[in-house]
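User: I'm new to this structure and would like a friendly walk through it. Could you take my questions one at a time?

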Amino acid sequence: MLLLKLAFRNILLHKLKTSVIGAIIVIGTVLAVVGNSLVDAVSTGMQKSIVQSLAGHIQIYSSHAKEKLALFGDTGGNVTDIGHVRDFRRVKETLMREIPDIQSMIPMGTNFAFINPGNVLDSKLEEYRKNEKEKSATELVSTKEHIRNIILDIQEGLPRIAVMIAAEDDPTLKNSAENMKRATSETFWSQFEAKREESLEFLANRIAPLIFDDNQLFFSFVGTSPKRFSEAFSNFEIVKGEMIPDGRRGFLFSDYFYENTVKHRVARVFDEIQERLTKHHETIAAEKALQDKIKTNVASAAEVYSQIDPAASRIIVPKLKSFLKSESGDLRELVRFFLNVSDANFFERFNFFYAEIAPRIRLYKMGLGEVFPLSAFAKSGFSTAVNVKVYGTYHFKSFESSPIAGNFCLLDLISFRELYGFQSDDRVKESQSLEKEMGLVDFDRSGVDALFSKKDLTKPGVAAKSAKIAVPQSFGSFKEKQTSYQQVYSDSEMENGVFLNTAIFIKDVGKVSQVIAKINEVSKKEKLEIQAIDYNEAAGLVGQLSFVVRAILFVCVAIIFAVATFIIMNSMLMAALERTKEIGTMRAIGAQRRFILLLFLNEASVLSFIFSILGSAIAVLILFWLGRVGIPAGGDVATFFFSGPRLYPAVHWIHVFVVLLAMTFISIVSTQYPAWRAMRISPIEAMRSAK
Amino acid sequence: MNKSDYFIQLNQVTKDYQLGKVIVPALKGVSLGIGLGEFTVIAGPSGSGKTTLLNLIGCVDTATSGQVIVAEKDTARLTEVELTDLRLHTIGFIFQSFNLISVLNVVDNVEFPLLLQKKISKAERKERVLHFVEKVGLQGHLNHRPNELSGGQRQRVAIARALVTQPKIVLADEPTANLDSKTGQTIIDLMKHINETEKTTFLFSTHDHHIIQHARRVIELQDGLITKS
Ligand SMILES: Nc1ncnc2c1ncn2[C@@H]1O[C@H](COP(=O)(O)OP(=O)(O)OP(=O)(O)O)[C@@H](O)[C@H]1O
Ligand SMILES: [Mg+2]
């Protein structure tokens, strides 16, 4: 009682010491409690993201894998070499029979792919062939005129790219000056219809490569059963187009990739400016970055007007003229002027762009419903290609803007196996003949190495350049060939075959480690030659992030606690020295050393108790508030860690309890030395005169 | 008087202080006895060893040689804990600079040693505290804290605190040194009055001649030796 009374009085009356210690305890408690809750929220958010966006609860893959499975890529963003497992059906049936906890299994395989959708000239040449087949004469004339205009554009830009052409060791780029002369000569165009095939081949092989517009798309994709995938990953959602019909081969773009890479560059700049003006309340006038983007857009005007064909141009020019109140009747000038937007006219032009211009250009390098040759590296290291139909785009709900969750495209497993190098015998023959006809050149090893070397694949430019050599140049002709993409496959065909890895969902999330142990046991017994790992491990680098975040928090909290220890010790030591006479007096009039020790410990405990309760209360209030309004994900990447656009941390009472204990503990520990010093104060100190 | 009749007895006590490498002899062989009920002054010039002598008698310090016997106990043979206990139960202290506990009010300061004693009931504590606070004339300042009191009032609180445990002896090292002479005189009168009414033994040091005149017995110290007893 006396001790507590003294402790309280000392706390009340030594205001400076109390507020210093109080402040550090409150800060420490708030940070520790809030920090822990945030990290918990982030790590559960991340777990959810990982589980719900690709991993499932457990991943299995070959026990002979050369590298560890890393679903989101390794440090370099590359797909790791995990080998393959031969027979999905056997693995599935064995595991489902032996382990009733398993809910579903989705076979998968990840690979990198590239598509060259062809540049504007390629697509116009293709359109010309199509029109010719459909015998639409007027269209034919218009397309021919458009092709001629594009060639004039190329010629105009030739001096600018002369250096690049010289640097490029590409046979198709040799003699470009001469080739241009031929392509712009009157004789070439007067004989165009007569020497049709030769002329088209010439333009496709010699002139089209002169357009350097990085059209090559490079991305990772997951081969799977689209149906099972969409059912198991409950956040899966089709955004544009349609779902791949069950049993059909097909391809889905990740919507994030489709919007941020496949979309027309000029449109992307419009989108970005619009977002930054509306969401982030920036202005063009104040943001240098936005001004730069607009400058690039003006410089890329050709990518807009060269895509507008003469017929469309006759419609759009007058509209642009009146919209811009311009005197000029030249499309190029109008487009350049149009793209030079400012704060005053941005939204008006943004709307005009999507209403009038977008429908007349190729807004996406690859349209939905179109068929493309998808090239990838087989397990042998050589590139193969299959024709795939793009059905649509998808995303995971609440990860719409995350570049991690769902930043892979989806392909049916049958086509994946074909690309990977496993296919039925008739398919082998069929695709061999196809490749021959399409003029697909196999990669030589150096080309493959260049692509598989640890280059940063987020910069498609690097990869695209080396890949360019391998891309079929007679692009326009493949559609006429037999198209395997139309073939249907049966469920058993899908099940009877190779997979690289498989996502497993289990019924009781708490049993992950038990099921993993069981899978490994069954695999050994039944010689399935698989290994099982949990979602966190399967996520590779991304999975370790949650550990890293926690480690960072621990370090921060440790630092705060260390600072708190130091401050408390210091203040209490000061208190002991200041109160030397008082302590001496107590000792003289009969207080034992123990009493002085307890006096200090009591004071520290009461202090830490009061202020850590206060700190916890503040922390809990902050968390309640954050739990209601949520913390907005600052960037696109954050949505993955937050498992949605906002993070809603919750109060974990165990954290509060642990932090209270820890705080009391450190204040008692840090008072040991000051208390010991106080205890040693001699009663003689009481006798010393004040002087 | 017989040797054992003295409540406090010193035999050939010396006390040396170590000051760096120099040894300062503060007491050079002091023998004296103090009986119960005495009202004795230790007088002597500055540096003569008055404080040193009181510290030894008050069991807050130990002698270099010789015997200090307090309440029939040889203090050299007691442990730290036992010495503290002896102080708590048999000795009252009054200090030159009052030494009240700054965060406690008058009542709590006076009650403090009773709480250390533990065994005393709440009712008795209250009664005794009030008795002595009244005795020193501070019944009107029960809830004041030391910094709200004058020097004389503070010393009165200290006297009440020293008396509340009903010690056999009260030691006071220059209790009036920090007070003006008039206030000092009233404090000495108060102590003398208590000596007469409560039969409490008082032993205090001073070099104030007016006060020395009031003493029944004067022990004179000079350079660490008793010159008159
Ligand atoms: N802690 C100490 N260390 C060293 N020397 C000391 C110490 N305390 C006292 N002395 C010395 O011992 C001698 C006696 O000192 P003491 O304080 O007992 O004298 P005093 O009679 O009380 O003097 P005053 O009237 O000034 O209070 C002095 O010479 C003093 O310098
Ligand atoms: Mg003295």
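Predicted model: local features only at pLDDT ≥ 70, side-chain atom pairs only at ≥ 80, totals over all residues.

User: In which helix of chain B is Gln155(B) found, and is Gln155(B) buried or exposed?

Analyst: Gln155(B) sits in helix H5 of chain B, which covers residues 151-163. Its relative accessible area is 0%. Buried means under 20%, so Gln155(B) is buried.

User: Which residues does Gln155(B) touch, not counting those up to four places away in sequence?

Analyst: Leaving out residues up to four places away in sequence, the contacts of Gln155(B) include Pro175(B), Leu179(B) and Ile187(B).

User: What percentage of the residues of chain B count as buried?

Analyst: Chain B is built with seven helices and 10 strands. Among its contacts with a separation of 6 or more, 72% are between residues 24 or more positions apart. The chain has 229 residues, and the share that counts as buried is 55%.

User: Turning to chain A, at what angle do helices H24(A) and H28(A) pack?

Analyst: Two packed helices are described by the angle between their axes and the distance between the axes. For H24(A), residues 541-578, and H28(A), residues 653-679, the axes are 8 Å apart. The crossing is right-handed. The angle is about 35°.

User: How many residues of the contact of H24(A) with H28(A) are nonpolar?

Analyst: Residues making the contact include Phe561(A), Ile568(A) and Met572(A) of H24(A), and Met663(A), Ile666(A) and Tyr673(A) of H28(A). Four residues of this contact are polar and one is charged. The nonpolar ones come to 14.

User: How many of the nine residues of helix H25 of chain A are buried?

Analyst: H25(A) runs over residues 580-588 and is mostly covered. Its buried residues include Glu582(A), Met586(A) and Arg587(A). After the helix comes Gly590(A), with a positive phi near 120°. Of the nine residues in H25(A), the number buried is eight.

Key:
Residues numbered from 1 in each chain as written. Chains lettered and ligands numbered in written order. Heavy atoms only, no water. Helix = DSSP H or I, 4+ residues; strand = E, 2+ residues; numbered from the N terminus. Buried < 20%, exposed > 50% of the residue type's maximum accessible area, 1.4 Å probe, protein only. Contact = heavy atoms within 4.5 Å. Axes fitted to C-alpha atoms, helices over the stretch in contact; angles between N-to-C directions. Left-handed = near helix turned anticlockwise from the far one by under 90°. Nonpolar A, V, L, I, M, F, W, Y, C, P; charged D, E, K, R; others polar.
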